[in-house]
Amino acid sequence: MQALTMMAAGVLGISLALGGCTETQQTMMKGGMVGSVGGVAIGAIGGNAALGMSVGRAAGMGAGYIYSKSKEAGD
């Protein structure tokens with residue numbers, strides 16, 4: 001039960017944080033989350049999940065920024 005409460009609080013907190021973000025910021029955050037998950041998976045195989053997560057998050061945020069800006073320029 002406590003885990004469910006913590007999860008619900010986390011989802012609510014993320015929802016509130018994303019509510020005030022611009023489209024570019026939201027895209028960067030989404031890219032960072034996907035990059036973190038991929039980085040953890042690759043890092044775990046290589047023996048350092050924390051480093052993989054950090055590198056994946058940075059790469060995902062960068063890719064999200066580039067994608068958002070190219071989408072804005074295309075409109």
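Predicted model: local features only at pLDDT ≥ 70, side-chain atom pairs only at ≥ 80, totals over all residues.

Residues are numbered from 1 along each chain as its sequence is written, and side-chain values use heavy atoms, with hydrogens and water left out.

The chain has 3 helices and 0 strands, where helices (H or I, at least four residues) and strands (E, at least two) are DSSP runs numbered from the N terminus; read along the sequence, the pattern is α-α-α. Along the principal axes, the C-alpha atoms fill a box of roughly 45 × 35 × 10 Å. The radius of gyration of the chain is 15 Å, while a compact globule of 75 residues would have one near 11 Å, the radius being taken over C-alpha atoms and the globule rule being 2.2 Å times the number of residues to the power 0.38. Buried residues make up 17% of the 75 residues, where buried means under 20% relative accessible area, exposed over 50%, and partly exposed in between (1.4 Å probe, protein chains only).

Helix H2 covers residues 23-46 and helix H3 covers residues 49-74. The 24 residues of H2 should span 34 Å at 1.5 Å a residue, and its end C-alpha atoms are 34 Å apart, which agrees; the expected span is 1.5 Å times one less than the number of residues. Just after H2, Gly47 takes a positive phi of about 105°.

Which residues are buried in H2? They are Thr24, Thr27, Gly31, Gly32, Gly35, Ser36, Gly39 and Gly43, and what covers the buried residues of H2 includes H3. In H3, the buried residues are Gly52, Gly56, Gly60, Gly64 and Ser68, and their cover includes H2. Thr27 gives a detailed view of this: it lies in helix H2 and counts as buried because its relative accessible area is 17%. Leaving aside residues up to four places away in sequence, Thr27 touches Gly64, Tyr67 and Ser68, a contact being heavy atoms within 4.5 Å. Over the chain, residues 24 or more positions apart account for 53% of the contacts with a separation of 6 or more.

The structure also holds 2 salt bridges, each defined as a side-chain nitrogen of Lys or Arg within 4 Å of a carboxyl oxygen of Asp or Glu. One joins the side chains of Glu23 and Lys71 (4.0 Å, N to O); this pair links distant parts of the chain, with Glu23 in H2 and Lys71 in H3, 48 residues apart. Lys71 has 42% relative accessibility and therefore counts as partly exposed. The other joins Glu72 and Lys69 (3.5 Å, N to O), and because these residues are 3 apart in helix H3, they are separated by about one helical turn.

Finally, Leu4, Met7 and Val11 make a nonpolar surface patch of about 330 Å². Met7 lies in helix H1 (residues 2-19), and its 58% relative accessibility is why Met7 counts as exposed.

Terms used. Patch = residues over 30% accessible without salt bridge, like charges linked within 9 Å, V, L, I, M, F, W, Y side chains within 5 Å. Areas by Shrake-Rupley, 256 points an atom, 1.4 Å probe, with all protein chains shown as cover.
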